[in-house]
Every structure is written in structure tokens, then in C-alpha cells.
Amino acid sequence: MKKIDNFFKNKKIIITGHTGFKGTWLTLWLHLSGAKILGISKDIPTKPSLFEKLKLKKKIKDIRLDISNLNKLKKIFKSYQPDYVFHLAAQSLVKKSYEDPIRTFTTNTVGTLNIVESLKLVKKECVAVIITSDKSYKNLEIKRGYKEDDALGGFDPYSASKASAELVIQCYFESFLKHKKNIRIAVARAGNVIGGGDWSKNRLIPDCMKSWSKNFFVTIRNPNATRPWQHVFDALYGYITLAINLKKNNKLNGQVFNFGPPVRNNFKVIDVLKLMKKFWKKVRWKIETQKNYHYESNLLKLNSNKANKILKWKPNLSFYESIKFTVNWYKFFYLNQKKIYNFSSNQIDEYNKKIK
């Protein structure tokens, strides 16, 4: 993907949430593309940590900062003067949002407010891609995919905080950023991404990998829940493609784009488990019998026709390939952690070759 490599070479990029799962992969990808990256994260969110295992701290400017701290955030934006901003920092777990709704809203809504406020201090040309979620949509359990102009909303604290963040972005764009000729901003919505190096709690594949690596049973909460499974590389390719097109085309300024997998990638949890058996020697699971009283969506699907038509973006990995990429990463990690940086870089190279 020489076009993308050349596009970001020597560009100054701020990535918030760079120590998280998606943020780490994006940081590695853009670092390999020659970008100068400044990462902003409150902490290392998981143990183990993909960010730590890849030793990316040695390759970028790594800053520990809670994005709810507006004054310090503004100082960073004012001094660094980025060419690009990718905002991924978030409290991203539905279950945790019930346990700590205040922190969820503070991080996801107020944190996003602070990012767009800090953008006002950038004097040079700057492109900002704000990543929200498929859960920003008011979930009516409809079978058709949600489109960019569908209603926002949320029944759980996480979804509501993301929908609220989108209202903040709309407000700031119309009130302030639209009139700044040097700033271009767009929103990216993606869904249930998977991939190597995810150790988040209460997520299917990380739970499986942590349990199976020790030959334990994994507890499955809802085996018949349907999710549009998508590899993290496909989502990140969407964010990167949006940034490139936004830089070239001012008509995209202020717009929203969905980046979801095709309908054929909608599979039940049990289907994922069965496919993982092809790549992992011994898998064992049991179904949780205790009822979960928290609201949790059974069907979430995005319509990505807009991204396909305008950005020429589409996923490059099938469901089978996504699971294979993911499980193979964990297999290598548990066999040879010291070489996981090279293996991860090679996976990105392998993905690049699939881009048409």
C-alpha cells in the first residue's frame, strides 16, 4: 500500500487512546508508514498489553494524560501542531459502563468535547477523524443496517455516552470548526472488531484465548447473539482511508461514515467458537446459566454503502480470514512473545497486499 505509506510519511499525528487495542494497531500501522506519532492515553488498559508487548513506547512520543484534563490537552495540541488527529480514547466496555457510568460519560462525552475544543488551537492544516461506535445509533433491533442519518441514542451508559459525544461533535462543527478553513473533521463509526492482542475483559475472543492458553473452560454468555464480526485491520483501513480522502476533498468535512463488515459476516457467537476450533488445538466452553439483567443488544449491523461509494472502501478480510488472522496471532504470541513485533508488522504487510 505505497500510496498510504507515502501519504503519512513524516506527518505529525496525534492518536488518543494509543495504548488500547485499536489504538495500538493504528499506532503500529502509521509508525510503519513513517509518521511521527504523539500518543495520548490515560493508562495501559489491559494486562497483558499489546502496546507494551510491541514496545511502541520506544518508537513514538508517549504521553499519559486523562483527556478529561482540558488545560493539559490544549497545551499539547497548541505545541505539537499535528497534521492529523485520530481520536480513539474511550471507555469502550458496555459492562463497565454499568459499573461506572460517571467515568464512562466523562471519558466518552466530555473527553470528546475536550478534543474538539483543543482542535481550535491548531493553526496549520489539520485533518481529524473522530472514532465513535456503531452503538451510537438508537438500537431498534432492526434487521437492515443502520445508515449514517439514522437516529442516535442509547439504552446503556456506554451507548448513550457515545451518542452524546456525536451531538457534541455536530455542535462544534456547526458552531466553530466549519468556519476554520484549516481544520477538517469527520466521524467514523465501526462495530465489533476482533484481532490479535485484544485482552479486554468480557469480550469473546480475548476470554477464549486467555482461558484456552491455560487449558481452561471459557464461559459463554450468549451463544446465539449475532454480531457483524470484523477484523481490526478492516476498521483501521477505513479510518485511514477517511483521513486521506478528507485531506483531499473538503466536501467530506463534517460528514459521518460507517465502516462495517458485509452482511455475510454476521455470525452467531457459537459459529465463531466452532471456526476457532480449526486453528486452536483444544477448545472448551460452557454456557452461563445466570441471567444477565443489564440491557444488551442482540443485533447490531451497519450499512457501509456510503463509505464504499464515496471513499471506495470495503473490507478486505472474509469472516474465515478474520478468525484465522486473529487466532494465528495469539498462537504465535504464546509461543514466542519476543518476536511478536515482527509478526504483528508482517500481519499488517500481509493485509496491505490484500488491498485492491
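## Aspartate 83 and its partner

Aspartate 83 is buried in this predicted model, with a relative accessibility of 15%. Its side chain meets that of lysine 124 in a salt bridge, at 3.1 Å from N to O. Aspartate 83 sits in the loop between H4 and E4, while lysine 124 belongs to the loop between H6 and strand E5 (126–131), so the pair ties together parts that are 41 residues apart in sequence.

Glutamine 81 is buried, with a relative accessible area of 15%.

## Other salt bridges

The salt bridge count comes to eleven. One of them joins the side chains of arginine 103 and aspartate 66, again at 3.1 Å from N to O. Here, too, the pair links distant parts of the chain: arginine 103 is in helix H6 (residues 101–119) and aspartate 66 is in the loop between E3 and H4, 37 residues apart. Arginine 103 is partly exposed, at 27% relative accessibility.

Glutamate 117 pairs with lysine 120, their closest N and O atoms being 3.1 Å apart. Glutamate 117 counts as buried at 18% relative accessibility, whereas lysine 120 counts as partly exposed at 24%.

## Backbone points worth a look

A cis peptide bond joins lysine 47 and proline 48, with omega about -5 degrees. You will find proline 48 in the loop between strand E2 (36–41) and H3.

Asparagine 10 is another non-glycine residue with a positive phi, about 65 degrees. Its place is the loop between helix H1 (2–8) and strand E1 (12–16), and it is partly exposed, at 49% relative accessibility.

Lysine 58 lies in the loop between helix H3 (50–53) and strand E3 (61–64). Its relative accessible area is 73%, so lysine 58 counts as exposed.

## Cysteines without disulfides

The structure holds zero disulfides. For cysteine 171, the closest cysteine sulfur is that of cysteine 126, and it is too far for a bond because the two sulfurs are 19 Å apart. Cysteine 171 is partly exposed, with a relative accessible area of 40%. Cysteine 208, by contrast, is buried, at 0% relative accessibility.

Terms used:
Residues numbered from 1 in each chain as written. Predicted model: local features only at pLDDT ≥ 70, side-chain atom pairs only at ≥ 80, totals over all residues. Heavy atoms only, no water. Helix = DSSP H or I, 4+ residues; strand = E, 2+ residues; numbered from the N terminus. Buried < 20%, exposed > 50% of the residue type's maximum accessible area, 1.4 Å probe, protein only. Disulfide = S-S within 2.5 Å. Salt bridge = Lys/Arg side-chain N within 4 Å of Asp/Glu carboxyl O.
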